[in-house]
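The following exercises are to be worked with the sequence and the coordinates at hand.

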Amino acid sequence: MRCVTVRTPEATAGGILRDDDSIVALPSLGHSSVLELIQAGPDAWDAGAADNHPAEWHLDEVDLAAPIPVPPRNVFCVGLNYQDHYDEGDDRGLPEDLPLPVFFTKPWTTLIGHGDDIVVDPDVTAMADWEAEIAVVIGVEGSDIEPERAWDHLFGLSLANDVTARDVQRAHGQWFKGKALDTFCPMGPFLRTLASIDDVDRIAFSLTVNGIEKQATAVERMIHDIPRIVSQLSHSMRLLPGDIILTGTPSGVGFWREPKEFLANGDVVEMAGTGLGVLRNQVVFKKSK
Ligand code: MG
């Protein structure tokens, strides 16, 4: 099952995207949003996945927001979770390896959907950069989750771009502010349920800027795999249905290229992933003051 959040002139509502690109309105199934469907639990997910619901919209006729435009709290993120990204750049002063996942967060107000603009304020950053990532979404609440039970707590997966203002990140001496700017977390186009994915490890994903490939990897290349991330994050910290976790980016970000590259006004950033669709966003620079 593929979940979307639809924006029409009248309303924003959750939906289920069917194979023919028609969309079942979640309110007709008793859930106003994708988050409400997730919170309703696995029986409701199975009911939503049934193929007998009448469609309300077609994908061509609607705009999409992020699959969960307003999650319960900040978007959780893992840094430095692919060895090739860990190794790129030569002046980072990183230790030989990291025994535990590096966690940080982005405010949920960074979230935008497929087709929305990544808005860059040139008075704030001259170094907006891309980070292609797989997002996982919690389905069932839990804390102290053992790795072997982690899959039982997941709802699904999506594509996400952890857009980062590298100069802001460095100026403030930590990661949060440079990753927290409005529109700096494109996610989507849809959220696919775990039950409809054959083999998560085999998911490959890539990112292009203006059609030129910048990043490409597969889930199986993560340093800390998804069960370990979920388990570690849940240690003495309750995870909630609808929580979003970005699982890290591979090599090929703009900052570590030679010469360095950053997003420019009008750039089109496209992510694609096995079974996860295509997430396309244009970069729009604000007028400098
Ligand atoms: Mg990242």
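This is a predicted model: local features need pLDDT of at least 70, side-chain atom pairs count only at pLDDT 80 or more; totals for chains, interfaces and linings use all residues.

Residues are numbered from 1 along each chain as its sequence is written, and side-chain values use heavy atoms, with hydrogens and water left out.

**Exercise 1. Overall fold**

Determine how the radius of gyration of the protein stands against that of a compact globule.

Solution. Begin with the secondary structure: the protein has 5 helices and 19 strands, taken as DSSP runs (H or I of at least four residues for helices, E of at least two for strands) and numbered from the N terminus. Next, take the radius of gyration over C-alpha atoms; the globule rule is 2.2 Å times the number of residues to the power 0.38. For 289 residues a compact globule would have a radius near 19 Å, and the value of 18 Å for the protein agrees with this. The C-alpha trace spans about 55 × 45 × 30 Å along its principal axes. Finally, consider contacts (heavy atoms within 4.5 Å): among those between residues at least 6 apart in sequence, 75% join residues at least 24 apart.

**Exercise 2. The metal site**

Identify which residues coordinate the magnesium ion, and state where Glu 131 and Asp 162 lie.

Solution. Donors are N, O and S atoms within 2.8 Å of the metal (3.2 Å for Na, K and Ca); since water is not among the atoms, sites may look incomplete. Under this criterion, Glu 131 (OE), Glu 133 (OE) and Asp 162 (OD) coordinate the magnesium ion at 2.0 to 2.1 Å. Along the chain, the donors have the spacing E-x1-E-x28-D. Glu 131 is in the loop between β10 (128-129) and β11 (132-138), and Asp 162 is in the loop between β12 (154-161) and β13 (164-165), so the pair ties together parts 31 residues apart in sequence. Both Glu 131 and Asp 162 are buried, where buried means under 20% relative accessible area, exposed over 50%, and partly exposed in between (1.4 Å probe, protein chains only).

**Exercise 3. Cysteines**

Solution. A disulfide is a covalent bond between the sulfur atoms of two cysteines; here it is assigned to a pair of cysteine sulfur atoms within 2.5 Å. Cys 3 belongs to none, as the nearest cysteine sulfur, in Cys 185, is 18 Å away. Cys 3 is buried at 0% relative accessibility, and Cys 185 is buried with a relative accessible area of 0%.

**Exercise 4. The faces of a helix**

Explain why the buried residues of α2 can be said to line one face of the helix.

Solution. Helix α2 covers residues 42-49, and Ala 44, Trp 45 and Gly 48 in it are buried. Viewed down the axis, the buried residues fall within an arc of 105°, so they line one face; the arc is that of the directions from the helix axis to the C-beta atoms. Asp 43 and Asp 46, on the other side of α2, are exposed. The cover over the buried residues includes β2 (12-17), α1 (34-40) and β12.
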